[in-house]
Amino acid sequence: MTASRVLVLNSGSSSVKYQLLDMADRSRLAVGLVERIGEETSRLVHEPLAGPGAAGGKRETAGRIADHEAALQAVAAELAADGMGLDSPELAAVGHRVVHGGTRFTQPTVIDDEVLAEIRSLIPLAPLHNPANVTGIEVARELRGDIPQVAVFDTAFHSTMPEHVARYAIDAATADKYAIRRYGFHGTSHAYVSRATAALLGRPVEDVNVIVLHLGNGASASAVRGGVCVETSMGLTPLEGLVMGTRSGDLDPAVIFHLARVGGLSVDEIDSLLNKKSGLLGMCGDNDMREVLRRAGAGDEAASTAFAAYVHRLKKYIGAYAAVLGRVDAVAFTAGVGENAFQVREAAVDGLAELGLVLDPEANAVRSPEPRLVSADGSRVAVAVVPTDEELEIALQTYALVTR
């Protein structure tokens with residue numbers, strides 16, 4: 001029996017998202033989420049999609065789950081109940097989402113003690129994410145240390161940015177000392193969507209230039225030339241770039257000095273303000289695009305201004321990345337907002353006919369889980385809606401590495 005299954009783990013500070021996939025046909029066997037780890041109100045939601053357990057649908061378990069080890073033990077028990085336990089000989093590897101890979105990790109990497117130590121050393125660059133990623137890796141290695149554990153990095157896809165793009169225009173010695181450069185994030189999504197867009201166009205990925213707009217609560221843009229990222233909107237951290245649900249995106253750095261000197265805010269208070277209390281939330285009090293659109297449609301001025309700011313930033317990046325690429329074959333919208341909010345796509349493309357982007361309003365208004373074109377027949381640049389699949393991308397990269 002050839003082992004063809006990959007368990008994908010996305011470990012957060014108080015949660016674990018997981019999917020079990022069979023890479024023989026890229027099918028999902030089970031999906032689930034453990035949330036509120038360490039609280040009395042912990043919850044595990046498990047959904048078997050294949051095997052005898054699938055007929056029963058989702059199963060939910062409530063009650064305290066003390067830590068990540070207990071969480072993964074609970075996940076293992078749920079999978080075992082469906083005949084797909086972690087001890088299965090069909091399990092080829094575990095693929096871990098790791099947010100920050102720094103400059104060293106530019107490809108999926110089999111995890112050993114040295115690699116784990118390196119990931120741990122990158123915690124200062126991603127203090128909210130890498131610690132949880134490390135914990136998930138440690139626990140999974142204890143449970144199945146006999147099979148490969150693979151780290152797939154959010155930053156890796158963007159490591160191909162030219163040096164002059166990745167560098168900030170600050171003192172070079174200071175930048176090098178503190179590893180200050182543009183890394184980019186959402187890399188697994190941008191990689192997957194750029195390839196899927198080429199497939200949608202029926203062209204080799206090497207021949208396609210695409211602007212990918214990953215629009216969720218966190219949002220980022222990338223310019224991808226022939227399958228290779230040459231520019232992305234997020235930088236040292238996920239704060240840079242587009243207007244997001246709770247993050248400000250691009251900001252005059254002197255705002256920080258002003259808040260400290262004039263407002264008397266501490267570094268931690270400014271950090272919290274820009275990451276958790278800004279963006280759509282800061283401008284109008286809602287970070288859910290559905291609610292922003294509802295309020296704007298009802299004439300709410302704050303929501304209308306927030307939506308206009310969101311779209312304006314998108315337009316700026318589309319125009320900038322068109323200039324960077326020189327030739328654009330497609331603009332692809334993805335993630336929760338990009339896939340579902342037709343009003344965002346309509347507003348972002350409106351007025352860009354001179355850049356070759358023209359929407360088909362009827363096609364754009366249709367909701368579908370399938371990749372599709374929403375551009376008009378005469379549009380020189382294709383406008384696509386491509387549902388992202390970061391878990392599949394992690395599984396693909398993991399399986400390709402362990403079966404070389």
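Is tyrosine 321 buried or exposed, and what is its relative accessible area? Tyrosine 321 is buried, at a relative accessible area of 2% (buried means under 20%, exposed over 50%, partly exposed in between, with a 1.4 Å probe and protein chains only). The model is predicted: local features need pLDDT of at least 70, side-chain atom pairs count only at pLDDT 80 or more, and totals for chains, interfaces and linings use all residues. Residues are numbered from 1 along each chain as its sequence is written, and side-chain values use heavy atoms, with hydrogens and water left out.

Two aromatic pairs were found in a search of the whole structure (rings of Phe, Tyr and Trp, the last by its six-membered ring, with centres within 6.5 Å; planes under 30 degrees apart count as stacked, over 60 as edge-to-face and the rest as tilted). The ring centres of phenylalanine 105 and phenylalanine 153 lie 4.8 Å apart with planes at 5°, so this pair is stacked. It links distant parts of the chain, 48 residues apart: phenylalanine 105 is in the loop between β6 (91-98) and β7 (109-110), and phenylalanine 153 is in strand β8 (residues 149-153). Helices (H or I, at least four residues) and strands (E, at least two) are DSSP runs, numbered from the N terminus. Both phenylalanine 105 and phenylalanine 153 are buried.

For tyrosine 317 and tyrosine 321, the ring centres are 5.5 Å apart and the planes at 85°, so the pair is edge-to-face. Both tyrosine 317 and tyrosine 321 belong to helix α11 (residues 301-325), four residues apart, about one turn of the helix. Tyrosine 317 is buried, with a relative accessible area of 12%.
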